[in-house]
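Here's a quick walk through this model, sheet by sheet and then contact by contact. Have the viewer open as you read.

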Number of protein chains: 4
Amino acid sequence: MSDKIRIGLVGTGRIGRVHAQTLAQRIPGVDLVAVTDVNDAAAQAVAAEMSVPTVAADFAAILADDSIQAVVICSATDTHTPFIIQAANAGKHIFCEKPISADLKAIDDALAAVERAGVKLMIGFNRRFDPNHQRIKQAIERGEIGIPHLMHIISRDPSPPPVSYIRVSGGLFVDMTIHDFDMARFLLGDVVEVYAAGGVMVDPAIGEAGDIDTAVITLKFANGAIGTIDNSRQAVYGYDQRVEVFGSGGSVSSANWYPDAVTLSTADNVRRGLPLNFFMERYTPSYQTEMAAFIRCLQEDTPPPVTGADGRAPVVIALAAARSLRENRPVKLSEI
Amino acid sequence: MSDKIRIGLVGTGRIGRVHAQTLAQRIPGVDLVAVTDVNDAAAQAVAAEMSVPTVAADFAAILADDSIQAVVICSATDTHTPFIIQAANAGKHIFCEKPISADLKAIDDALAAVERAGVKLMIGFNRRFDPNHQRIKQAIERGEIGIPHLMHIISRDPSPPPVSYIRVSGGLFVDMTIHDFDMARFLLGDVVEVYAAGGVMVDPAIGEAGDIDTAVITLKFANGAIGTIDNSRQAVYGYDQRVEVFGSGGSVSSANWYPDAVTLSTADNVRRGLPLNFFMERYTPSYQTEMAAFIRCLQEDTPPPVTGADGRAPVVIALAAARSLRENRPVKLSEI
Amino acid sequence: MSDKIRIGLVGTGRIGRVHAQTLAQRIPGVDLVAVTDVNDAAAQAVAAEMSVPTVAADFAAILADDSIQAVVICSATDTHTPFIIQAANAGKHIFCEKPISADLKAIDDALAAVERAGVKLMIGFNRRFDPNHQRIKQAIERGEIGIPHLMHIISRDPSPPPVSYIRVSGGLFVDMTIHDFDMARFLLGDVVEVYAAGGVMVDPAIGEAGDIDTAVITLKFANGAIGTIDNSRQAVYGYDQRVEVFGSGGSVSSANWYPDAVTLSTADNVRRGLPLNFFMERYTPSYQTEMAAFIRCLQEDTPPPVTGADGRAPVVIALAAARSLRENRPVKLSEI
Amino acid sequence: MSDKIRIGLVGTGRIGRVHAQTLAQRIPGVDLVAVTDVNDAAAQAVAAEMSVPTVAADFAAILADDSIQAVVICSATDTHTPFIIQAANAGKHIFCEKPISADLKAIDDALAAVERAGVKLMIGFNRRFDPNHQRIKQAIERGEIGIPHLMHIISRDPSPPPVSYIRVSGGLFVDMTIHDFDMARFLLGDVVEVYAAGGVMVDPAIGEAGDIDTAVITLKFANGAIGTIDNSRQAVYGYDQRVEVFGSGGSVSSANWYPDAVTLSTADNVRRGLPLNFFMERYTPSYQTEMAAFIRCLQEDTPPPVTGADGRAPVVIALAAARSLRENRPVKLSEI
């Protein structure tokens with residue numbers, strides 16, 4: 001046990017539970033030794049279920065444990081940058097859920113702390129580890145589609161979160177599109193300009209909360225390619241996650257993921273069931289692959305596959321998109 | 001006009017009308033100069049619609065026209081062999097609808113007459129000219145799937161014909177499976193043994209008429225491959241026409257053909273409409289390609305692509321299948 | 001023959017030949033009585049092939065024939081509006097290929113002449129008659145996807161036209177996207193604002209000719225929906241024509257159209273052949289359905305299904321898109 | 001821990017390792033307390049990896065542990081029936097891998113011992129727990145396809161096992177088709193007659209070892225339906241596992257399962273990668289669901305979902321198929 005990597009985890013909500021389970025049961029060479037949560041009962045439950053020996057009083061208690069080498073931060077978004085800074089100062093390696101923050105200044109302070117401490121920071125953009133997106137990335141890198149010209153991301157949730165959540169979410173672009181901005185960068189590199197069109201089409205209450213629920217965003221990439229992102233808070237048929245990249249040598253595209261491959265033909269139609277309903281089903285394996293990649297970068301002392309800079313960049317795009325929507329004009333990222 | 005091939009057609013029912021239209025409007029270098037039918041009004045109507053100059057009193061009148069080089073026989077099955085013999089004796093080239101006959105002796109007499117007269121005879125197995133089946137044949141011939149091991153034909157009609165028709169049809173194997181037996185030969189060559197299982201599952205009235213409506217036939221080919229044919233008189237979702245050939249280097253298979261490529265995703269399911277409903281929709285282009293191939297073999301004086309022997313062989317398989325079903329044992333074609 | 005509609009056709013190039021064939025062979029109740037072309041040999045050839053009795057000296061000669069009720073204009077784009085005006089003044093009903101013109105003033109003059117003469121004018125946006133697009137339109141109209149929120153059109157050609165053509169084409173938006181602008185209007189109604197991003201990615205020579213070859217256009221519709229159009233002059237895998245409309249009740253989308261439905265599985269991959277290569281293959285049936293609809297509106301004295309106003313509107317969008325691209329800002333149609 | 005179900009496992013080869021992992025990490029409420037194997041090192045390795053506290057000397061040592069309630073038998077096939085009898089006599093519940101045995105007398109003795117002891121016995125037909133097959137079963141049970149008429153199972157391995165294995169395997173029908181015979185029964189119930197055609201097409205060495213590598217089997221079901229099974233030891237494109245059931249109200253069918261849903265379109269073709277390569281990838285989740293079902297039937301004291309009789313029945317079909325192949329005639333199960 002002495003050479004296993006010892007991990008502490010803060011935040012045992014939905015995504016924290018996923019990471020705790022992965023760390024406790026799916027990845028060899030690692031020990032999840034402590035969890036903590038502002039809701040102590042939640043932390044106790046996760047600890048019991050995953051056989052985690054310690055429920056820490058708070059994040060500081062985890063940081064105070066010298067035997068712990070790395071922390072996994074799954075707590076509320078507004079705690080991300082302070083926790084990153086504390087963990088860096090304590091010399092712990094860090095895995096932090098997305099988004100780091102909607103505040104660029106706070107992000108920059110956190111990244112600076114990480115830089116100073118010389119610890120590793122990986123941001124939880126799990127979709128990069130999805131087999132479909134991985135295959136598309138591979139097709140681009142191998143030149144299977146030649147030089148990329150166009151890219152389209154369809155990213156629609158099955159149903160909107162509660163309006164109470166929308167109100168504090170930072171808005172569609174920071175809360176939801178952030179994943180798609182990261183995917184765009186993952187696939188085609190830096191974005192230089194963005195134009196956002198959007199509206200309230202799903203639920204007027206979302207508009208009353210100051211947000212939109214539907215958007216189409218045009219991206220211009222540094223390499224000259226052009227892309228779009230299509231977002232809706234509500235696709236009644238389920239989680240819709242598709243990507244197409246078109247280039248000089250062809251096109252690569254992904255379809256949705258289904259619970260089975262069964263087709264039914266009747267006198268009415270030829271049909272199949274709905275795609276996997278939401279991110280916890282659709283992207284389950286990606287969370288495990290992602291965490292394994294984090295552990296591996298600690299074990300092998302290699303750079304994390306998703307860096308702090310990767311965490312910052314989509315926030316800049318999101319802020320530019322928000323301004324574009326407000327001012328109805330293309331906005332250069334250099335303006336942010 | 002002098003160098004156009006002049007054609008007479010007998011039988012202006014459903015399939016005769018298709019061929020008349022193709023000859024009159026779709027194929028250059030040919031003149032449909034006369035039609036005839038036991039129902040004179042039907043012949044008159046087709047002549048008027050397709051601008052055919054002559055409605056002949058009967059088939060003999062067509063044969064008596066020395067300017068006519070070839071005849072297209074679309075009349076009732078029991079007229080096929082006498083008409084073939086008369087046409088051959090009159091020195092006309094012949095296109096005859098399938099099946100030639102259910103009577104092997106009658107077929108042999110007709111083929112002998114054709115042989116003696118030195119005219120061309122082509123049998124109307126239109127499915128050979130369907131783009132899907134053509135592509136499968138091509139894959140086999142090019143070696144794209146290596147050496148064929150297994151073959152499956154799914155061939156299901158959308159709904160059974162009237163029981164009155166069933167009663168005189170010669171039975172499922174001669175009436176319906178004949179196309180599939182031909183397809184099997186087209187794709188993998190000679191059949192040496194057949195085992196048929198079947199039953200009355202669609203409509204008891206079909207059983208009372210002495211026939212079956214559902215069958216699974218196992219074929220052993222001369223080349224060692226094994227195949228099955230799956231027949232039903234009633235697929236409620238429409239015409240089901242699929243083929244798969246599996247070999248040492250892979251597999252080639254065809255899907256059904258649809259009127260559009262549109263998918264609808266709703267809260268219920270992900271669906272498309274039904275496949276093309278029946279042979280007149282599904283195989284429309286094949287009838288045109290088939291007739292063009294007949295005209296071309298006349299123009300270029302080449303052998304017809306579907307010969308009299310090709311017309312005889314599936315009848316032998318059908319008779320073997322019928323005996324196999326009766327006696328519940330595999331039957332060698334050499335027994336017939 | 002006296003009650004057949006008599007048609008004259010001008011312009012026997014590629015598309016003129018298609019319409020001539022449809023009129024001569026596929027549509028009952030109509031007589032194509034005269035054709036003409038600046039290239040007399042081309043007109044002679046078409047006349048011979050389709051058994052058209054007269055090759056007129058010029059369009060004026062067709063208009064001078066009082067027995068002719070309607071004209072089909074397939075000549076060069078710059079002749080469209082003068083020919084429309086002449087035909088209207090001669091009291092002929094008119095079918096005119098797209099685009100009417102790239103000059104709004106010329107269009108308005110032509111439409112005014114049509115209005116004054118009280119003749120029918122139908123514009124050749126054939127894609128509206130394609131079974132896929134028809135099915136998508138039907139899904140919207142029947143409410144199968146609820147209220148439309150988002151729309152995406154993928155429209156990519158297999159290869160660019162010669163640069164000599166590009167130079168006089170009026171530019172990508174007027175020459176190629178015009179079809180997609182029409183499709184957008186056909187599906188979701190009036191457009192109020194457009195934002196165009198684009199570039200030269202396929203061939204620098206296109207850029208040197210003052211045009212772009214790749215574009216992504218964002219459309220805002222009067223009904224609040226948002227859409228995109230994706231254009232490329234070169235999809236190496238063939239003609240790429242897909243549409244998706246997403247709404248409150250679901251999504252409807254079309255896939256490409258293939259010459260067969262055959263899949264090949266080998267040790268390398270699971271594959272099918274390429275989609276139909278270009279518009280003459282992909283949209284063949286739509287040209288016939290379109291022309292039948294024109295004839296029917298004459299026979300039944302109903303309004304043409306694609307009006308002069310429908311011909312004008314996408315030109316306005318194209319001009320707005322061109323300005324948007326030049327000025328890199330969203331442009332309202334009211335600015336044009 | 002006192003109320004957890006305590007399990008011992010014998011046989012830590014490929015499939016034993018899968019079950020050990022499932023029991024140790026994926027199913028709550030169970031303790032895998034001991035493993036054993038004739039290869040002690042293998043058992044030690046699995047115990048270390050899965051944190052199993054005890055490596056037992058042999059199966060008898062497991063049976064001697066009174067705290068153990070149930071055993072999982074993954075050892076060689078010829079040990080199945082003796083181990084079942086020993087375990088039953090020791091009062092342990094039993095999960096046993098398929099096939100129980102190729103010897104009907106041995107099976108009957110084992111089932112009698114289970115009956116006498118009143119313990120539960122579940123047979124490891126994991127495919128019943130696959131989401132695709134489950135969905136097909138559900139469609140049948142819900143009447144979504146009406147009354148079943150026809151069934152087809154495609155079941156092809158990616159490559160044959162070593163000839164040394166073939167020689168002791170009991171033959172294709174007992175070794176490989178056994179799964180498909182079980183699937184046929186799972187979906188459509190009892191089989192009454194079987195006709196098998198087959199040959200050596202993949203590798204002559206398999207023929208020299210006295211076996212075949214390719215087969216098509218026709219099944220007649222007690223309910224009147226007819227089915228086929230298509231087997232090959234070598235599908236070069238990977239594991240091919242598809243089922244179709246056709247009935248009076250429609251058809252339900254499953255496609256293969258792929259590692260991603262990505263399509264690549266290039267100038268050559270439109271393609272995707274190969275299906276999942278073999279049963280460990282394709283059926284992974286089914287093993288977990290299967291074991292969970294076993295544990296649940298212990299916890300809730302319900303009958304096992306796959307009984308000893310379910311383990312015996314496909315062996316009878318396999319023996320009938322073998323005789324059918326030898327004698328080239330349909331064989332009734334009542335003959336065995």
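## The sheet in chain D

Strand β5 (residues 93-97) of chain D runs parallel to β6(D), and four bridges join the two. Across that pairing, Cys96(D) has Ile123(D) in β6(D) as its bridge partner. A quick note on terms: strands pair if DSSP finds at least two bridges between them, while helices (H or I, at least four residues) and strands (E, at least two) are DSSP runs numbered from the N terminus.

Zoom out and you get an open sheet of six strands in chain D, paired in parallel, with the order β3-β2-β1-β4-β5-β6. β3 (54-55) and β6 (121-124) of chain D sit at the edges with a single partner strand each, so one side of each has no neighbour in the sheet. Helix α1 (residues 14-26) of chain D lies across β1 (5-10), β2 (30-36), β4 (70-73) and β5 of chain D, at about 150° to β2(D). Such angles run from 0 to 180 degrees between N-to-C directions, with axes as lines fitted to C-alpha atoms, for helices over the stretch in contact.

## What the model is

This is a predicted model, where local features need pLDDT of at least 70, side-chain atom pairs count only at pLDDT 80 or more, and totals for chains, interfaces and linings use all residues. Residues are numbered from 1 along each chain as its sequence is written, and chains are lettered from A and ligands numbered from 1 in the order in which they are written.

## Chain A overall

Chain A has 13 helices and 15 strands. Its radius of gyration (over C-alpha atoms) is 20 Å, close to the 20 Å that the globule rule gives for 336 residues, so chain A is as compact as a globular protein of that length. That rule is 2.2 Å times the number of residues to the power 0.38. Of the 336 residues, 56% count as buried, meaning 20 or more other C-beta atoms, placed from the backbone, lie within 10 Å of the residue's own.

The chain is divided into domain 1 (5-119) and domain 2 (128-283 + 314-335), with bounds from an automatic or database domain assignment. Their C-alpha centres lie 28 Å apart. Five residues of domain 1 of chain A are in contact with five of domain 2 of chain A, where contact means C-beta atoms, placed from the backbone, within 7 Å.

## The sheet in chain A

Chain A also has an open sheet of six strands with parallel pairing, in the order β3-β2-β1-β4-β5-β6. Two bridges join strand β2 (residues 30-36) of chain A to β3(A), and these run parallel. Here Ala34(A) stands opposite Thr54(A) in β3(A). Helix α4 (residues 77-89) of chain A packs on the sheet and touches β1 (5-10), β4 (70-73), β5 (93-97) and β6 of chain A, with its direction at about 170° to that of β5(A).

## Between chains

The contact of chains A and B takes 11 residues from each of them. On the chain A side, β13 (262-266) and β14 (270-272) give two or more residues, and β14(A) has the largest share with three residues. β14(A) pairs with strand β14 (residues 270-272) of chain B in the antiparallel sense over three bridges, and Arg271(A) stands opposite Arg271(B) in β14(B).

Between chains C and A, the contact takes 26 residues from chain C and 26 residues from chain A. The elements of chain C that give two or more residues are β7 (148-156), β8 (191-199), β9 (214-221), β10 (226-232) and β12 (250-254).

Terms used. Two residues are in contact if their C-beta atoms, placed from the backbone, lie within 7 Å. A residue is buried if 20 or more other C-beta atoms lie within 10 Å of its own, exposed if 12 or fewer, and partly exposed in between; C-beta atoms are placed from the backbone.
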